[in-house]
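Me: I would like a close look at a single part of this protein, with the cut-offs behind each term spelled out. Please take it slowly and keep the pieces connected.

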Amino acid sequence: MPEKILVVDDEDIIRQSLSYILNNEHYEVDEAENGKIAFEKIKAKTYDLVITDLEMPEMKGTELLEEIKKMNIQTAAIVITAFGSLETAISALRTGASDYILKPVEFDELIIKVKRLFEARDLIIENRILRKELQREFDFAKIIGKSPAIVQVFDIIKAVSDTESTILITGKSGTGKELVAKAIHFNSVRKNKPFIVVNCGAISDNLIESELFGHKKGAFTGAISDKEGYMKAAEGGTLFLDEIGDMPLNLQVKLLRAIQEKEYTPVGTSLTLPVNIRFVASTNKDLQEEVNKGNFREDLFYRLNVVDIYIPSLKEREEDIPLLADHFLDKYRKEMNKSIKGISNDAMRALLNHEWRGEVRELENTIERSVIFCNSDFINPDHLPPSFRSYNETAEFPLSGSLEEAVQKFEKDTILNALERNENSKEKTAQALQVGLSTLYRKMKELDIKL
């Protein structure tokens, strides 16, 4: 659908020429001889853009802009002015005009300005839509779980979102620490500003300072131009320092200064820059233990740990597994256009009994894989990865035979399953089964388990 433009000028030749040019660019164009007629047209019809002269009888262009502003409508404006009235054009810009163009009008220049204005408008609209989608995605209602452990996390997020306090999010890899950080940001007063993620463990030690604080040209070999760092990129918003426990010690003191003093210094300069961002950090390590080992600064730990949000593992919130599984099933059956009705009881039992070493991330990957291979109404154990099917095999007891034979079969299947989960490491398997290593060796010999 073409954009609608209203051309306002008391000179017929200018008004008609502009209309002709803009029509040729496939815009829908109306004309008005002065500001008063234009105002009546704007009240009766929606326009994307008004191109208006400033000096006209009955109602001047500046007065028209004032009326448009009072109407609070999403109509942009470009003013046409003579060189001598440039100050008036600048005043019009302050009133709300998007741009101005000098007489005599250069048609090519006008077309470029109009196209750029509409492109900028489309980007703003797209940005608003994306931000609303993000805010919906990270709304508390979209976070899955009803267990007491995860409800406690929700309560903490609600309490801290509108504060400026530094947050430390802890928990195993895959539990959703970044999701919680985003929920905090998009439910805070900073939600319309950037959310920047820095993975402290993924950047080499010799580059992380430059990436975080930026650098000046010539600061080090390879610094061929000035570069703004993540601190600058996050201005006004939230900087999420993922896996903060992997940050080098020499950089920790500079981060502490940025948090405490709200200022930082780019690499290769003595210039101190102010910073207005909220710091949220995460780790899968025990930072107190890292402090005791000398791997993490104690002062930085206490500065980060103003509010600690612990994300429980799936083992600590098992009642949420069916809710999460159904959520991921709904997500991927829509993506893959499949009419899968649900997850069978046997498959759900296997999911509940699985040791989720990869946490929620592994659960999502498992459901995605199951949806790919499911060709029936329900996901059943055959659609799950092989490690899940071994659970169902160990759960099946022989219908005949002695009690001793049944016990031996159960023991053998349990040990084989544990060995598979622990990559055939006998030490890890013994720990998982909570038996001594010598006991495991003896059982493997008795049950004829060979690797």
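Reply: A word on the basis comes before the details. This is a predicted model, in which local features need pLDDT of at least 70 and side-chain atom pairs count only at pLDDT 80 or more, while totals for chains, interfaces and linings use all residues. Residues are numbered from 1 along each chain as its sequence is written, and side-chain values use heavy atoms, with hydrogens and water left out. The pLDDT, which is the predictor's confidence in each residue from 0 to 100, averages 87 over the protein, and 92% of the residues score at least 70.

Strand S1 (residues 4-8) and strand S2 (residues 28-32) run parallel and are joined by five bridges; here strands (E, at least two residues) and helices (H or I, at least four) are DSSP runs, numbered from the N terminus, and two strands pair if DSSP finds at least two bridges between them. Between S1 and S2 the chain passes through helix H1 (residues 12-24), in a β-α-β crossover that is right-handed, meaning that, with the strands pointing away from the viewer, the path from the first strand over the helix to the second runs clockwise.

These two strands belong to an open sheet of five, ordered S2-S1-S3-S4-S5, in which the pairing is parallel. Its edge strands are S2 and strand S5 (99-102), each of which pairs on one side only. On average, neighbouring strands of this sheet are turned by 20 degrees against each other, direction ignored; the axes are lines fitted to C-alpha atoms, for helices over the stretch in contact, and angles run from 0 to 180 degrees between N-to-C directions.

Helix H1 packs on the sheet, where it touches S1, S2, S3 and S4, and its direction makes about 170 degrees with that of S2; contact means heavy atoms within 4.5 Å. Ser19, a residue of helix H1, gives a local view of this packing: leaving aside neighbours within four places in sequence, Ser19 is in contact with Val7, Val29 and Glu31. At 5% relative accessibility, Ser19 counts as buried, a term that means under 20% relative accessible area, with exposed over 50% and partly exposed in between (1.4 Å probe, protein chains only). Helix H2 (residues 35-44) lies across S1, S2 and S3 and runs at about 160 degrees to S1.

On its other pairing, S1 meets S3 in the parallel sense over four bridges, with Ile5 standing opposite Leu49 in S3. From S3 the chain crosses through helix H3 (residues 61-71) to S4, and this β-α-β crossover is right-handed.
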